[in-house]
Amino acid sequence: MNATGGISPAKAPYRYLTRQLILSRDDRPFASEISTGPLPATSSWTTQAGQLCERCNEPSVHLRREPCSLKDRRSHRPEKYLNRTLLSLSEPGLASFALTNELIQFGNNLRDFGHTLVVSLKGRAFWEVDSKYKKNIIYHMYHLKDHGIEIALDDYNIQREALTRFNTLNLFNYIKVSISSLGQCLKLNSDPEFFNRLHDHMVTLTHHNKISFIADRVEHIESHSLARALPFDYFQGSYYSPADHL
């Protein structure tokens, strides 16, 4: 089943896999995100992703910088903290019942290694999909959560008011916000209270909907400072760790 009328996930060609580290606010490794191009045949991509399971407990990403907390972390066992694996989907393939079952199987395999699977969905593609498929996607998202799989909303647009009503469904465990886009938005917005409202909105979602925010695409010291000034729980980007090609 194809949600967008494009290439079926079962027929899409495999392109690449990359992995990038996600850090907690205290700079400990929280998760690694596996990103792909268009999904390949089901058996192929699950095999490729499944082969990563045995390496998930070894955060081999080379850090570009070493704040004090990262240096201190060397005396601890990184495996104690690195316990999430994000799988980024480049299209709303969750309309497919077969793909959902494959994700559940993959999640079970990861659980054997002490990891929780987090399915990361692109925000724009997800919310602009036809309403008929959207119902299937939401149903499958609840199905995944029933099997212990967490859901992340990727590339969240802070100014997209239409997303607000979907937060009440408690579909998402994480929301990823592009810091580079957010910084540009703050520069273009002349309202001096915009930053405070943004901060309060994030705090409200965190407390009422149990959502954790991930600052994504943190590339330099300015974006790092902006991310730290807002109530983000986790941080990702080349400022902390470049993406490894697998």
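Q: Why is Lys176 called buried?
A: In this predicted model, Lys176 has a relative accessible area of 1%. Buried means under 20% relative accessible area, exposed over 50%, and partly exposed in between, with a 1.4 Å probe and protein chains only. Lys176 is therefore classed as buried. Residues are numbered from 1 along each chain as its sequence is written, and side-chain values use heavy atoms, with hydrogens and water left out. Local features need pLDDT of at least 70 and side-chain atom pairs count only at pLDDT 80 or more, while totals for chains, interfaces and linings use all residues.

Q: What makes the pair Glu33 and Lys176 a salt bridge?
A: The closest N and O atoms of Glu33 and Lys176 are 2.9 Å apart. A salt bridge requires a side-chain nitrogen of Lys or Arg within 4 Å of a carboxyl oxygen of Asp or Glu, so the pair qualifies. Glu33 belongs to strand 2 (residues 29–36) and Lys176 to strand 6 (residues 174–178), 143 residues apart. Strands are DSSP runs of E with at least two residues, helices are runs of H or I with at least four, and both are numbered from the N terminus.

Q: Which residues are linked with Lys176 in a network of salt bridges?
A: The network holds Glu33, Lys176 and Asp216. Lys176 and Asp216 meet at 3.7 Å, N to O. Asp216 lies in strand 7 (residues 212–216) and Lys176 in strand 6, so this pair ties together parts that are 40 residues apart in sequence. Asp216, with a relative accessible area of 9%, is buried.

Q: Why do Arg28 and Asp26 count as partly exposed?
A: Arg28 has 21% relative accessibility, so it counts as partly exposed. Asp26, at 40%, therefore falls in that class as well. The side chains of Arg28 and Asp26 also meet in a salt bridge at 3.3 Å, N to O. In total, the count comes to 5 salt bridges.

Q: Which phi value does Asp27 have, and where does Asp27 lie?
A: Phi of Asp27 is near 70 degrees, a positive value in a residue other than glycine. Asp27 sits in the loop between strand 1 (17–24) and strand 2. A relative accessible area of 10% is why Asp27 is called buried.

Q: Is Lys210 buried or exposed?
A: Lys210 counts as exposed because its relative accessibility is 66%. Its phi is positive, about 55 degrees, although Lys210 is not a glycine. Lys210 is placed in the loop between helix 8 (194–209) and strand 7.

Q: Why are helix 7 and helix 9 called roughly perpendicular?
A: Helix 7 (residues 179–188) and helix 9 (residues 221–229) pack at an angle of about 85 degrees, their axes 10 Å apart. Axes are lines fitted to C-alpha atoms, for helices over the stretch in contact, and angles run from 0 to 180 degrees between N-to-C directions. Angles under 35 degrees count as roughly parallel, over 145 as roughly antiparallel, 65 to 115 as roughly perpendicular and the rest as oblique. The two helices are therefore roughly perpendicular to each other.

Q: Which residues make the contact of helix 7 with helix 9?
A: Ile179, Leu182, Gly183 and Leu186 of helix 7 meet Ser223, Leu226 and Ala227 of helix 9, where contact means heavy atoms within 4.5 Å.
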